[in-house]
Amino acid sequence: MDGNLLELINEYHEEDKHTDIIKTILSLDKHNLDYELTSYLARAYNNIEEFEQALALLMKVKAEGENDSLWHFRVAYAYSGIKDYGKVIFHAKKSISLDATQEESLASILADAYFNTNETEKANDLIKRYNLEMYNPEVYSQDEWTVIENHAATYFGEFKNVIHEIVSPDIHVDILVIEPDEKRDYYTLVTMGMGARKMNVPFDLKDKNVERAELVICLPADWQIDSTDEKWFWPLRWLKIMARLPINEDSWLGWGHTVPNGKAFADNTCLSGMLLDLPYSYGEVSFTCEL
């Protein structure tokens with residue numbers, strides 16, 4: 001690469017002028033886009049959160065990048081942007097295997113990927129090792145927490161078990177486990193933490209008090225609640241996915257919304273989407289909890 005061009009790209013990068021990098025490289029003859037220039041172009045797209053475009057470029061030079069730590073670094077970063085956490089882990093680990101000094105730079109996105117794939121011990125290890133301050137979740141006050149616990153116990157059932165979240169990047173989502181009894185022959189799981197952050201509801205709903213919510217799901221009495229096997233774990237995983245969807249999408253969830261997975265949740269089910277409804281079987285009084 002021309003030395004002046006490299007100097008200009010580095011200067012723009014230091015000044016966070018990533019769109020200028022893109023314009024500069026794209027102004028060149030496309031036949032001059034070698035591996036190095038393509039990598040810089042992908043980095044710029046990553047930095048303006050055009051992750052799909054970055055991945056498309058990186059995949060064009062995959063053969064040359066297979067043994068390049070930086071190539072895997074940028075691929076991992078792009079996959080973190082589109083929340084494909086399995087591929088984040090694969091490429092981050094490959095980058096580190098090729099250059100161990102990259103681990104500190106990748107620690108945050110790798111910890112986040114471990115968290116989202118339920119590998120909390122590995123996430124915690126990275127957080128402690130590099131003293132990451134990536135997690136400062138919004139949480140209920142203690143008084144609010146007590147009100148919600150009492151509401152759940154009163155209308156959904158007494159709970160003896162709480163599945164506590166260990167790593168919380170944005171909100172802290174625990175799950176109350178209400179076991180089957182003589183009245184209800186099924187488990188009832190209730191989230192606690194989603195409503196600590198207000199959702200971005202449409203303007204015409206601003207006065208309807210629907211910007212906070214918690215989620216409830218019921219599972220058969222023979223469900224293996226404590227199993228981490230995906231065929232049993234997927235409802236718990238999806239409670240957390242749904243609880244964070246309003247944050248990730250800067251949107252909201254309410255009655256009647258549907259969220260597709262695009263494929264079956266697990267090998268032993270054909271279910272492939274979520275539908276939000278009100279918990280009618282528990283009575284209208286259960287619909288609303290006043291903080």
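Residues are numbered from 1 along each chain as its sequence is written, and side-chain values use heavy atoms, with hydrogens and water left out. Because the model is predicted, local features need pLDDT of at least 70 and side-chain atom pairs count only at pLDDT 80 or more, whereas totals for chains, interfaces and linings use all residues.

A nonpolar core is taken as a set of buried Ala, Val, Leu, Ile, Met, Phe, Trp, Tyr and Cys residues joined through side-chain atoms within 4.5 Å, where buried denotes under 20% relative accessible area (exposed over 50%, partly exposed in between; 1.4 Å probe, protein chains only). The largest such core has 41 residues, and those with the most contacts inside it are Ile 9, Ile 25, Leu 106 and Leu 110. Among the elements that give two or more residues to this core are α1 (3-14), α6 (69-81) and α8 (103-116), helices being DSSP runs of H or I with at least four residues and strands runs of E with at least two, numbered from the N terminus. The largest share of the core, eight residues, comes from α8. A second, separate core of 30 residues includes Leu 189, Leu 219, Leu 239 and Met 274.

Leu 106, leaving aside its neighbours within four places in sequence, is in contact (heavy atoms within 4.5 Å) with Phe 73, Ala 76, Ala 92, Ser 95 and Ile 96. Between α6 and α8, Phe 73, Ala 76, Tyr 77 and Ser 80 of the former meet Ser 105, Leu 106 and Ile 109 of the latter.

The search of the whole structure finds eight aromatic pairs, for which rings of Phe, Tyr and Trp (its six-membered ring) must have centres within 6.5 Å, with planes under 30 degrees apart counted as stacked, over 60 as edge-to-face and the rest as tilted. Tyr 140 and Trp 145 form an edge-to-face pair, at 6.1 Å centre to centre and with 70 degrees between the planes, and both Tyr 140 and Trp 145 are buried. The rings of Phe 156 and Tyr 282 have centres 4.9 Å apart and planes at 65 degrees, so this pair is also edge-to-face. Since Phe 156 lies in the loop between α10 (142-155) and β1 (161-163) and Tyr 282 in the segment after β6 (273-275), the pair ties together parts that are 126 residues apart in sequence. Phe 156 counts as buried at 6% relative accessibility, as does Tyr 282 at 7%.
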